[in-house]
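Reader: I'm new to this structure and would like to learn how to read it. Could you take me through a few features, one by one?

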Amino acid sequence: MNDYKKPNLSVTVGNLSLKNPVMTASGTFGYGEEYADFVDINKLGAIIVKGTSLKARCGNPPPRIVETPCGMLNSIGLQNVGVKAFIREKLPFLRSFSTPVMVNIFGETIDEYTTIASELGRIHGISGFELNISCPNVGAGGIIFGVDPASAYKVVEAVRKTTNLFLMVKLSPNVTDIVSIAQSVKKAGADAISLINTITGMAIDIETRRPKLGNITGGLSGPAIKPIALRMVWEVVSHVSIPVVGVGGIMDWKDALEFLIVGARAIQVGTANFINPRATLDIIDGIEKYLIDKGIEDINNLIGSLALSEGSLK
Amino acid sequence: MFQVETEVVFNHQVGPSYYKIGLRAPEIVHSASPGQFVMVRVSSKLDPLLRRPFSIHRIAKKDSVSFEILYKVVGKGTEIMSSLRQGDGIDVMGPLGKGFSILPHPKDLPSQIIYLVSGGMGIAPLYALAESAVIDGRKKVAVFLGGKTKEDILCLDDLKRLGVEIHISTEDGSLGSKGVVTQLLEERLQIPSNPEVIYACGPIPMLKKVSLISQECHIPCQVSLEAYMACGVGACLGCVIKKRLDKGTETYVNVCKEGPVFDAHAVKFP
């Protein structure tokens, strides 16, 4: 390795500088402390913590998890400690690392979104927000804002007025036209877009004829959804000028590279954390090795280098 | 907590669909206690995707480096697991969760007796507890084994070797007394002098009943619970059960992190 010059892995997403493009997806990495025995958090590009609401939420009735071929359905229902307990109990640990911390925020109303953003905006140690307008597992709020361009615009605009911090909006794949939502979110002042959240799904126990999830439906994640995520990232980067962070079924460095080549400025690792707690670090190492092998000095030369016609590969 | 590539020491069939696997993992063995569990990645393929949680069945003596899992083949994951051979590598995370607590032996007092109530696979974590309670905790142990048929009564030879009191019941009467294991427990509790603690693991209706019985007799009771789980470390919040809090309130808690062993009287059983 000493014979090679280490390639540059650092990227910028809006005004956010990351040492590498690998983030943890919200809801799959807890508040970091859960995985501290397995992962050196300082090595991550960014950490996105569990969806946080104004008040604590107890979540949906179990069972909340069911495995499906190459995937899993979940219906957690945004169980979380609430913004105050997050600041008091969870943030101090996260502050001890150099890795940027982004908080995924969720509200049932626009007011709730802006209140959380302004509370967290005053706190040291938070680099930005991921606005969750795409959770499929809650009754009110969330996805309601994410499936219609006008509603998405309103909530993003309101939060934008509240905070100057980096603002990324996580989009739902459960829509007819992802591009129109993305354009709307951009117009409302978002710095970046992350996609995709889970795809709504269902599973039935044929013996009892009951749904396998307590919430009846849930969100599908894991390798099964990667082709859909990749297609949606490609559609959005092709039509919308703000940075896109790709997420959905990324299990290893090869999956991550697909998203980067398509044009994602960074990626998030979600379900893979459950299967391999070191997935994020393995992905960072794998990307670096790929760049060395291909003689690419800077990851930014790879991002968006999708070769669409013969001979266009540089 | 460790994530280690363990080596399969053995993988034997011990019943119609029951297996016992020995895994070499000194890091896990040295820090594990009875009632804790591990998350096993049965193959590096993407289907089945998730790790599988298994109770630690036996933690080898201090000089050893391996632990055992007792498992039943119930689906894709355990089927793959049953095909593993000696020398194969397998990715394991552990030890995870909170195990059983054994009360310290009071000075100058005779050994206290504890009851272990198992339904079918419930013996998986309870055997580790029995071994530790007899050897390190200087407890007397009475084990109550229940199953549908005699084929579901596991670890009998091991328990006999340990020299513990054994009660058996099967639903079809093919071994021990005919009926359910909680009947045996109730009969034994007719004898004055209660156990120090009742420990139980098995199907939910059984645990519910054991909890009720222990509550009526004012005996502390610890239960080991099972749940669908994705991460095993408290991140995914997928494996919750309802727990009673003070003042009549309830909350969801993670089986993986706050459990899998709980004070039975604080669990709100479904």
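**Rings, sheets and a charge**

Author: Gladly! Let's begin with a single side chain: Phe145(A) counts as buried, because its relative accessibility is 11% and the cut-off for buried is under 20%. Please keep in mind that this is a predicted model.

Reader: Is Tyr113(A) buried or exposed?

Author: Tyr113(A) is buried too, with a relative accessible area of 0%.

Reader: How many aromatic pairs are there over all chains, and why is the pair of Tyr113(A) and Phe145(A) called edge-to-face?

Author: The count is eleven aromatic pairs over all chains. To classify a pair, look at the angle between the ring planes: over 60 degrees counts as edge-to-face. The planes of Tyr113(A) and Phe145(A) stand at 85°, with the ring centres 5.5 Å apart, so this pair is edge-to-face. The two residues are 32 apart in the chain, with Tyr113(A) in helix H2 (residues 110–121) and Phe145(A) in helix H3 (residues 143–146) of chain A.

Reader: Which parts of chain B does the pair of Phe100(B) and Tyr199(B) tie together?

Author: Phe100(B) is in the loop between strand S7 (89–96) and strand S8 (113–119), while Tyr199(B) belongs to strand S12 (residues 198–201), so the pair ties together parts 99 residues apart in sequence. Both residues are buried. Elsewhere, one aromatic cluster is formed by Phe29(A), Tyr35(A) and Phe38(A).

Reader: Now the sheets, please. What is the strand order of the closed barrel in chain A?

Author: The general idea is that strands of a sheet pair through backbone hydrogen bonds, either parallel or antiparallel. The closed barrel in chain A has eight strands in the order S3-S4-S7-S8-S9-S10-S15-S16, with parallel pairing. On average, neighbouring strands of this sheet are turned by 25° against each other, direction ignored. For a close-up, take S9 (residues 166–170) and S10 (residues 192–195) of chain A: three bridges join these parallel strands. Lys170(A) has Ser194(A) in S10(A) as its bridge partner.

Reader: Which strands does helix H4 of chain A lie across?

Author: Helix H4 (residues 149–162) lies across S8 (128–132) and S9 of chain A, and runs at about 165° to S9(A).

Reader: What are the edge strands of the open sheet in chain B?

Author: That sheet has seven strands, ordered S4-S3-S7-S1-S2-S6-S5, with antiparallel pairing. Its edge strands are S4 (52–55) and S5 (58–59) of chain B, each pairing on one side only. Four bridges link S4(B) to S3 (residues 37–41) of chain B, and Val40(B) has Arg52(B) as its bridge partner.

Reader: Where does Arg64(A) lie?

Author: Arg64(A) lies over the face of Tyr252(B), 4.8 Å from the ring centre.

Technical notes. Residues are numbered from 1 along each chain as its sequence is written. Chains are lettered from A and ligands numbered from 1 in the order in which they are written. This is a predicted model: local features need pLDDT of at least 70, side-chain atom pairs count only at pLDDT 80 or more; totals for chains, interfaces and linings use all residues. Side-chain values use heavy atoms; hydrogens and water are left out. Two strands pair if DSSP finds at least two bridges between them. Axes are lines fitted to C-alpha atoms, for helices over the stretch in contact, and angles run from 0 to 180 degrees between N-to-C directions. Contact means heavy atoms within 4.5 Å. Rings of Phe, Tyr and Trp (its six-membered ring) pair if their centres lie within 6.5 Å; planes under 30 degrees apart count as stacked, over 60 as edge-to-face and the rest as tilted. Buried means under 20% relative accessible area, exposed over 50%, partly exposed in between (1.4 Å probe, protein chains only). A charge sits over a ring if NZ of Lys or CZ of Arg is within 6 Å of the ring centre and within 35 degrees of the ring normal.
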